[in-house]
Amino acid sequence: MMILLWIVLLVVGFVILIKGADWFVDGAAGIAAKFKIPQLVIGLTIVAMGTSAPEAAVSISSSLKGNADITIGNIVGSNLMNVLLILGITSIIVPLAVKRSTVRYEIPYMLLITLVLLLFGFTGNRIVFWEGIVLWALFIAYLAYLFIMAKRNREEGDEIKVRPVWLLLIMLVGGIALVIIGSNFLVDAASAIAAALGMSERFIALTIVAFGTSLPELVTSITAARKNEADLAIGNIVGSNVFNILFVVGTTALITPVAFAQEFALDTVFVFLSGLLLWLCVFKTKELRRWAGIIMLVCYAAYFIYITV
């Protein structure tokens, strides 16, 4: 009977997380528009950070609660799922155009910081304070790059729905509050289910929790593709993956050392290989086509079988 209650709380946590992230994105984007911040900056920073807010809340919350496997497992699992599963599904729905800057700079940067995470975790079996500072420095460098790109390419996107500032502030604060509440439900329920069913926290983190916190990216990418804004889909995923590693892991490490179990080393290698696969698929054509999406889904299925055996 108790496990049914935990499953209900898990679902409730997912719903609260998604709604909270949605409010956060709308509120933050609306406030940014009020202050005349370029649409390109809004899309590459606020939207990517907003869809990654669940990962941030779950990882920081689980680390503070001593559930170390969920912290790194959530980030590794989410990043792998973002590339192979979400972009795989989205590119099958419609081929995804890729900006030249994404191929030249953003995907390679994502690969670089994945290797940095692997190095930090593999050498000490945990991410410590000074490594968190390094990750934050790389995050600031990434934001500086986005700002420079935005000044060079001031493209106007869709108009953001005009709302009063007081409502935007309520959405912003309320969204963050819902994300925090939902993350607590998610971490507690996932840990309880894992214990009750004899599953490892690693498996739960790499699958159920990772999928739940990746739902905003999935919804955003599919919505962008269906609105013929397919170029936003890959930008959102790459930005979210960068944010997950640099901000989420970096911030958590500044609060408390983040345990990095040796089992996650191979999982992190898979994350790097998935990013490399993405880069190879779009390097020449500047488009993620349906055949590439099928390959990505097959690769994720193979990985899922690997972690279940």
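Colleague: Which residues touch the most other members in the largest nonpolar core?

Modeller: Leu87, Ile127, Val242, Leu246, Leu278, Val282 and Leu288, out of 58 residues in that core. Helix 9 (230–255) gives the largest share, eleven residues. Helices 4 (68–93), 5, 6 (129–152), 8 (201–226), 9, 10 and 11 (290–308) each supply at least two. A second, separate core has 16 residues, including Leu10, Leu17, Ala53 and Ala194.

Colleague: What makes a set of residues a nonpolar core?

Modeller: The members are buried Ala, Val, Leu, Ile, Met, Phe, Trp, Tyr and Cys residues, joined through side-chain atoms within 4.5 Å. A caution on sources: this is a predicted model, where local features need pLDDT of at least 70 and side-chain atom pairs count only at pLDDT 80 or more, while totals for chains, interfaces and linings use all residues. Residues are numbered from 1 along each chain as its sequence is written, and side-chain values use heavy atoms, with hydrogens and water left out.

Colleague: What counts as a helix or a strand, and how many of each are there?

Modeller: They are DSSP runs numbered from the N terminus: H or I of at least four residues for helices, E of at least two for strands. The protein has eleven helices and four strands.

Colleague: Why is glutamate 55 called buried?

Modeller: Its relative accessible area is 0%. Buried means under 20%, exposed over 50%, partly exposed in between, with a 1.4 Å probe and protein chains only. Glutamate 55 is therefore buried. Glutamate 55 sits in helix 3 (residues 53–64). Its C-alpha is 7.3 Å from that of valine 248, 193 residues away in sequence.

Colleague: Why does isoleucine 75 get that label of buried too?

Modeller: Isoleucine 75 has a relative accessible area of 1%, so it is buried. Isoleucine 75 belongs to helix 4. Beyond four places in sequence, its contacts (heavy atoms within 4.5 Å) are Glu55, Ser59, Asn244, Ile245, Val248 and Val249. Across the whole protein, 52% of the 309 residues count as buried.

Colleague: Why are helix 5 and helix 10 called roughly antiparallel?

Modeller: The axes of helix 5 (residues 100–124) and helix 10 (residues 263–282) cross at roughly 170° and come within 10 Å. Axes are lines fitted to C-alpha atoms, for helices over the stretch in contact, and angles run from 0 to 180 degrees between N-to-C directions. Under 35 degrees is roughly parallel, over 145 roughly antiparallel, 65 to 115 roughly perpendicular, and the rest oblique. The pair is therefore roughly antiparallel. By class, this contact has 17 nonpolar, three polar and no charged residues.

Colleague: What decides those classes?

Modeller: Ala, Val, Leu, Ile, Met, Phe, Trp, Tyr, Cys and Pro are nonpolar; Asp, Glu, Lys and Arg are charged; the others, Gly among them, are polar.

Colleague: How do you know how helix 10 is oriented to helix 11?

Modeller: Their axes cross at roughly 170° and come within 11 Å. That makes helix 10 roughly antiparallel to helix 11. On the helix 10 side the contact includes Leu266, Asp267 and Phe270; among its partners in helix 11 are Trp291, Ala292 and Ile295. The residues divide into 13 nonpolar, no polar and one charged.

Colleague: Which residues does valine 282 touch?

Modeller: Leaving out residues up to four places away, valine 282 touches Val98, Val103, Ile107, Glu287 and Leu288.
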